[in-house]
Amino acid sequence: MASAGYVPDRIEVARLSGFDMRMCPHACIVRSSEHTVYGIVVLASHDELQRLYRRDGVGVFLPEAVAVELGRGGLLPAMCYIPPAEQDCPADADYLEKLLVAANGHGFPQWYLQRLERFRASALA
């Protein structure tokens, strides 16, 4: 977000059940009744979102309304952005490194950090 010029006032860790994550080449989520993904929730205007999702290399992502569980407890209605189809391409190792730094910094659960590390190991292989 910062590289696109957007620095939110407030960031909250959130959990989204019923979705899994793929790397193609960046993080994208897909429906899955067996998985959960972690991320952050921020308040962003339509203009800020357009700037983020129109950057070169981001690809097409469509908004979808969801309810996320906040780290402090409770549910929050939110929009997440999902690609209309998965791409078949390798994960971006530089992106994964930044994602791991952010996930560690925001206190994501250890099991989730290990999952991100497996993505990185696959990208480097």
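Select Asp20 and Arg22 in this predicted model: their side chains make a polar contact of 2.8 Å.

Now colour by secondary structure. Asp20 lies in strand β1. Is Asp20 buried or exposed? Its relative accessibility is 5%, under the 20% cut-off, so Asp20 counts as buried. Show what surrounds Asp20: leaving aside residues up to four places away in sequence, Asp20 touches Cys28, Ile29, Val30, Ser32, His35, Val37 and Arg115.

Next, show β1 and β2 together. The two strands form a hairpin, with three residues between them. Their pairing is antiparallel and runs over eleven bridges.

Then move to the largest nonpolar core, a set of 23 residues. Start with Leu16, Val68 and Leu116, which have the most contacts inside this core. Which elements give two or more residues to the core? They are β1 (12–23), β2 (27–41), β3 (62–70), β4 (75–82), α2 (93–105) and α3 (110–124). The most comes from β1, which gives five residues. In soluble globular proteins, nonpolar side chains tend to be buried together.

Finish on Val68. Again leaving aside residues up to four places away in sequence, Val68 touches Ala14, Arg15, Leu16, Val41, Gly74, Leu75, Leu76 and Ala78.

How values were computed. Residues numbered from 1 in each chain as written. Predicted model: local features only at pLDDT ≥ 70, side-chain atom pairs only at ≥ 80, totals over all residues. Heavy atoms only, no water. Core = buried A, V, L, I, M, F, W, Y, C linked by side-chain atoms within 4.5 Å. Buried < 20%, exposed > 50% of the residue type's maximum accessible area, 1.4 Å probe, protein only. Helix = DSSP H or I, 4+ residues; strand = E, 2+ residues; numbered from the N terminus. Contact = heavy atoms within 4.5 Å. Pairing = 2+ DSSP bridges. Polar contact = N/O pair within 3.5 Å; in protein donor to acceptor, adjacent residues only side chain to side chain.
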